[in-house]
Amino acid sequence: MRRFTLPRDIYYGRGSLKALRSLEGTKAMLVTGGRSMKETGFLGMAEGYLREAGMHVVVFDGVEPDPSVETVMRGAEEMRRFRPDWIVAIGGGSPLDAAKAMWTLYEHPEATFEQLCVPFNFPKLRERARFAAVPSTSGSASEVTAFSVITDYKSGVKYPLADYEITPDVAIVDPDIAVRMPPTLAAHTGLDALTHAVEAYVSLQAGPFTNPLALKAIYMVYAYLPDSVEGGEAAREKMHYASTIAGMAFSNALLGICHSMAHKTGAAFSTGHIPHGCANAIYLPVVIRYNAKNPQARRRYAEIARGLGLSAGAGEDEDELVRALCASIAKLRGKLGVPGSLREFGIGREEFEEKVGEIAARAVGDACTGSNPQPVTPEGMEALLREAYAGTEG
Ligand code: FE
């Protein structure tokens with residue numbers, strides 16, 4: 001038996017933030033990040049709509065990028081004091097992820113992060129509150145997914161939480177809110193969405209309900225991401241939907257080792273954080289070439305390439321189609337000004353050599369490795385990371 005889970009309602013379209021007026025409840029806690037939602041006025045609008053719905057509203061702000069266990073604990077504590085029956089998260093992937101974890105600990109104060117880290121092992125939610133999510137970036141798709149990543153800065157451990165209990169009840173995909181993304185953020189988050197869709201399409205958990213969503217999201221990213229990065233409003237709108245569509249696919253089909261590599265290298269080097277979508281964009285062609293050793297994955301990559309119209313140059317040979325797909329991703333990445341290798345990103349060779357063995361071992365152990373179509377050993381993973389360090393032309 002398989003399961004396909006999505007929010008009960010996905011409101012979308014310009015101005016759809018208004019849908020908050022239709023939520024039925026008495027108390028809402030709004031969870032958000034730093035200043036951007038406040039400065040752009042969307043936080044105030046959200047508060048206003050919730051008040052129009054007759055709710056008492058409290059704001060929990062200041063959720064940091066890569067939210068910490070402490071922030072989650074603080075948020076859960078405030079929820080226990082205020083007793084909301086709606087939790088409304090608005091902002092980038094981080095406040096959405098943090099709010100999902102706060103919600104869980106609000107309903108189950110006895111739960112520990114160690115317990116919640118066991119995939120698909122959550123206690124029942126919705127006895128106290130329901131959850132609405134409003135994304136301001138077009139990539140993580142946390143508004144429709146069963147995932148949340150919380151970081152324990154003391155131990156340096158990232159807790160990847162996964163359970164359909166934390167799939168939001170309501171997603172509001174309002175492109176007006178994504179129009180303000182700076183170009184680099186639009187590029188990185190858009191490439192994250194592309195990676196979600198490609199990994200979901202070849203995942204061992206892919207199926208008839210996720211495949212059309214994954215393919216559609218890939219085509220939309222190719223059609224609209226460059227214009228969206230340039231600031232075109234119509235393209236921004238399409239990318240906002242593409243990200244959610246990719247999320248609908250990968251929340252149910254899961255991901256693969258490109259994400260395993262991005263998770264374990266994101267904060268590993270002294271050069272500073274590698275933005276998640278940037279890391280994915282560097283690794284994706286490397287991973288496609290590796291996974292294409294698997295005949296089923298190869299056939300599926302070839303299908304993507306054909307769908308993108310790459311067979312005109314590459315012909316019908318699957319290997320050629322896979323090569324053309326990798327080259328086209330490298331070309332898209334380059335066009336958006338995203339580096340093509342870890343070296344080009346600025347990571348020093350010495351530090352890379354020093355850490356690559358341990359990172360490879362940790363990446364193999366990442367939650368995303370299990371659904372990758374081709375098995376990988378720590379040695380194999382190290383080879384992939386070396387390839388990503390040096391860079392290839394696609
Ligand atoms: Fe991602």
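The model is predicted. The protein chain splits into domain 1 (9-178) and domain 2 (183-390). Helices H11 and H14 run roughly antiparallel to each other. The cavity count comes to 2 at 30 Å³ or more.

**Domains**

- Domain 1 spans residues 9-178, and domain 2 spans residues 183-390.
- The centres of the two domains, taken over C-alpha atoms, are 26 Å apart.
- Domain 1 gives 25 residues to the contact, and domain 2 gives 23 residues.

**Helix pair H11 and H14**

- H11 packs against helix H14 (residues 318-335) at an angle of about 175°.
- The axes of H11 and H14 lie 9 Å apart.
- Angles over 145 degrees count as roughly antiparallel, and H11 and H14 are therefore roughly antiparallel.
- On the H11 side, the contact is made by Ala281, Ile282, Leu284, Pro285, Ile288 and Arg289.
- On the H14 side, Val322, Leu325, Cys326, Ile329 and Arg333 make the contact.
- By class, the residues of this contact are 9 nonpolar and 2 charged, with no polar ones.

**Second largest cavity**

- Its volume is about 40 Å³ for the second largest cavity.
- The lining of the second largest cavity includes Val198, Glu199 and Val202, and helix H7 (183-202) is one of the elements that give two or more residues to this lining.
- Leu284, Val287 and Asn291 are also among the lining residues, and helix H11 (276-291) likewise gives two or more residues.
- Gly256, Tyr301, Asn372 and Pro373 line the second largest cavity too.
- The lining of this cavity divides into 6 nonpolar, 3 polar and 1 charged residues.
- Leu284 lines the second largest cavity and also takes part in the contact of H11 with H14.

**Second largest pocket**

- The second largest pocket has a volume of about 180 Å³.
- Its lining includes Arg8, Asp9, Tyr11, Ser22, Leu23 and Glu24.
- Trp86, Arg130, Asp169 and Val170 also line the second largest pocket.
- By class, the pocket lining has 5 charged, 4 nonpolar and 1 polar residues.

Notes
Residues numbered from 1 in each chain as written. Predicted model: local features only at pLDDT ≥ 70, side-chain atom pairs only at ≥ 80, totals over all residues. Heavy atoms only, no water. 1 Å grid on protein atoms, 1.4 Å probe; cavity = no way out; pocket = protein on both sides within 12 Å on 5 of 7 lines; lining within 4 Å. Points joined across faces, edges and corners; volume = space filled by probe spheres on them. Helix = DSSP H or I, 4+ residues; strand = E, 2+ residues; numbered from the N terminus. Nonpolar A, V, L, I, M, F, W, Y, C, P; charged D, E, K, R; others polar. Axes fitted to C-alpha atoms, helices over the stretch in contact; angles between N-to-C directions. Parallel < 35°, antiparallel > 145°, perpendicular 65-115°, else oblique. Contact = heavy atoms within 4.5 Å. Domains from an automatic or database assignment.
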